[in-house]
Structures are given as C-alpha cells and as structure tokens.
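Hi,

Here is the structure I promised to pass on. Please open it alongside this note; my findings follow below.

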Amino acid sequence: MKNLITIIAALTITLTSAFASTTPEVIFSSDAIEVVSIETLDFLSTAEFDTETQNLAFTTTQNISVVQIFNNNGDMEFQLPVMSDNVQINKNLFGEGDYKLGFILEGQTEVHFSRVSIK
C-alpha cells in the first residue's frame with residue numbers, strides 16, 4: 001500500500017510539472033500595445049503592430065482557424081474566423097486594458113493563449 005501511494009504521489013508531481021505553464025515572454029511591445037505569450041507558441045513566427053493601420057499582425061507557421069478575444073474577466077468578446085497564417089486584428093476591437101487572445105489551429109481543438117495589453 002505504501003508503494004502504491006508513493007507511485008501515485010510521484011506521478012502527480014511529474015504530471016503537474018509537465019502541464020505547468022511556461023514563463024511569460026514578451027512577443028511584441030510598443031507605446032500602444034504589448035503582446036505576451038502565456039504559453040509556448042511554437043506556431044507563431046512574428047507579431048507586430050502597424051501604427052499606420054492600427055493593426056496587430058501575427059504571422060504563423062500553421063493556418064489559424066479561429067482567434068478568440070477574451071476580456072479581463074475571462075468572457076469571450078469576439079470570435080474571429082481566420083483560415084490563414086496571416087492574422088490582422090484592428091486595435092479598435094479593444095478598449096484600454098488586458099485581453100487574452102486564443103488561437104485555434106486548423107484541424108485542432110486546443111486553444112493557445114497570449115495576453116495583449118492595450119495602453
């Protein structure tokens with residue numbers, strides 16, 4: 001019985017550390033906007049903000065089927081169908097504050113998150 005409890009405890013610790021989130025990393029930052037990865041976004045090639053068009057632009061290595069925009073309370077505000085590896089979101093969709101962007105890759109159901117702060 002003692003061995004069973006030890007094995008369960010070891011598995012729990014291993015699984016918890018395996019599923020723990022990564023350290024946030026600033027993907028893009030400017031005077032107007034900051035994008036921070038909440039998890040590893042291996043599919044993300046570039047993230048930039050075009051000050052002329054006020055567009056936040058993402059280039060990815062895989063097609064994104066949907067981008068979900070969540071407010072600071074975790075409520076979904078928008079769900080944008082994309083079907084492309086080039087995503088452009090205009091700043092006017094956001095008010096000032098923090099948001100989470102959820103990326104769903106084509107053919108998958110898992111949501112990959114990044115945080116966006118609008119200044």
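Asparagine 71 is buried in this predicted model. Its relative accessible area is 15%, and the cut-off for buried is under 20%, so asparagine 71 qualifies. Asparagine 71 sits in the loop between strand E4 (55–70) and strand E5 (76–90). The side chain of asparagine 71 reaches the backbone nitrogen of asparagine 73, at 2.9 Å. Leave aside neighbours within four places in sequence, and asparagine 71 is in contact with Glu77, Asp98 and Tyr99.

Next, serine 65. This residue belongs to strand E4. Serine 65 is buried too, because its relative accessible area is 11%, against a cut-off of under 20%. Not counting residues up to four places away in sequence, serine 65 touches Leu80, Pro81, Val82 and Met83, and also Ile104, Leu105 and Glu106. Glycine 107 is 42 residues from serine 65 along the chain, yet their C-alpha atoms are separated by 7.9 Å.

Now the core. The largest nonpolar core has 22 residues. Which of them touch the most other members? They are Leu56, Phe58, Ile89 and Leu101. At least two core residues come from each of strand E2 (33–37), strand E3 (44–50), E4, E5, strand E6 (97–105) and strand E7 (111–118). E4 gives the most, with five residues.

Leucine 101 deserves a separate look.

Best wishes

Conventions: Residues numbered from 1 in each chain as written. Predicted model: local features only at pLDDT ≥ 70, side-chain atom pairs only at ≥ 80, totals over all residues. Heavy atoms only, no water. Helix = DSSP H or I, 4+ residues; strand = E, 2+ residues; numbered from the N terminus. Buried < 20%, exposed > 50% of the residue type's maximum accessible area, 1.4 Å probe, protein only. Polar contact = N/O pair within 3.5 Å; in protein donor to acceptor, adjacent residues only side chain to side chain. Contact = heavy atoms within 4.5 Å. Core = buried A, V, L, I, M, F, W, Y, C linked by side-chain atoms within 4.5 Å.
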